[in-house]
Amino acid sequence: MSAVSSDFGYLSGHSLSKSSVNELKKKAANLSQIDKADLDSSDFQSEMASFKYQAAAMMDNFEKSSPIDILQLIYKYSLTDAYPNKTIAIRIFLTIPVTVATCERSFSKLKHIKHYMRSTIGQERLSSLAIISIENEVANNFDFDDVISEFASRKARKVALN
């Protein structure tokens, strides 16, 4: 978590407002070296330098803004064309999982679903049962009458006689 924070922490409003342009360019260069496939180093550095001043002028509480607030600002004013690398960097930062609890929970559920009594279960059925088990709140609130009616209409073997 600290590695992610050190790589992406300067994307918040507080860090942007407190850092100098040279510091921001250096941090942008470091991040673009880590993620060469998604970020263009020279463009990203210039975007960071200009975004610092433009965002401060557009936002009232720029120093207290989080990366999600900054991303919402970019989309609100349609600045994705002006700051594509900045947008990508924030989106990457916001989608990086902080913990592995969700993955561990998924494997735990799979152990319960596919035990030794069900060793020949197919991949599609296993995936479907895992999704139902993991998302059990949604499954519990599901209206099964609609599903049964839809299934019955698709699998109907009766032919209407004229």
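## Asn 136

Asn 136 is partly exposed, at a relative accessible area of 36% (buried is under 20%, exposed over 50% and partly exposed in between, with a 1.4 Å probe and protein chains only). The structure is a predicted model, in which local features need pLDDT of at least 70, side-chain atom pairs count only at pLDDT 80 or more, and totals for chains, interfaces and linings use all residues. Residues are numbered from 1 along each chain as its sequence is written, and side-chain values use heavy atoms, with hydrogens and water left out.

Asn 136 belongs to helix α9 (residues 136-140); helices are DSSP runs of H or I with at least four residues, numbered from the N terminus. Gln 123 is 13 residues from Asn 136 along the chain, and their C-alpha atoms are separated by 20 Å.

## Aromatic pairs

Rings of Phe, Tyr and Trp (its six-membered ring) pair if their centres lie within 6.5 Å; planes under 30 degrees apart count as stacked, over 60 as edge-to-face and the rest as tilted. The count by this rule is three aromatic pairs. One of them is stacked: the ring centres of Phe 8 and Phe 93 are 5.4 Å apart, with the planes at 25°. Because Phe 8 lies in helix α1 (residues 2-8) and Phe 93 in helix α6 (residues 84-95), this pair ties together parts that are 85 residues apart in sequence. Phe 8 is buried at 7% relative accessibility, whereas Phe 93 is partly exposed at 23%.

Phe 51 and Tyr 83 form an edge-to-face pair, with ring centres 5.0 Å apart and planes at 80°. Phe 51 sits in helix α4 (residues 41-58) and Tyr 83 in the loop between α5 (67-76) and α6, 32 residues apart. Both Phe 51 and Tyr 83 are buried.

## Nonpolar core

A nonpolar core is a set of buried Ala, Val, Leu, Ile, Met, Phe, Trp, Tyr and Cys residues joined through side-chain atoms within 4.5 Å. The largest has 23 residues, of which Tyr 10, Phe 44, Met 48 and Phe 51 touch the most other members. Helices α3 (21-34), α4, α5 and α6 are the elements that give two or more residues to this core.

Which residues does Met 48 contact, leaving aside neighbours within four places in sequence? They are Tyr 10, Leu 11, Leu 16, Leu 24, Ala 28 and Lys 86, where contact means heavy atoms within 4.5 Å.

## Phe 144

Phe 144 is found in helix α10 (residues 144-154). The residue is partly exposed, with a relative accessible area of 49%.
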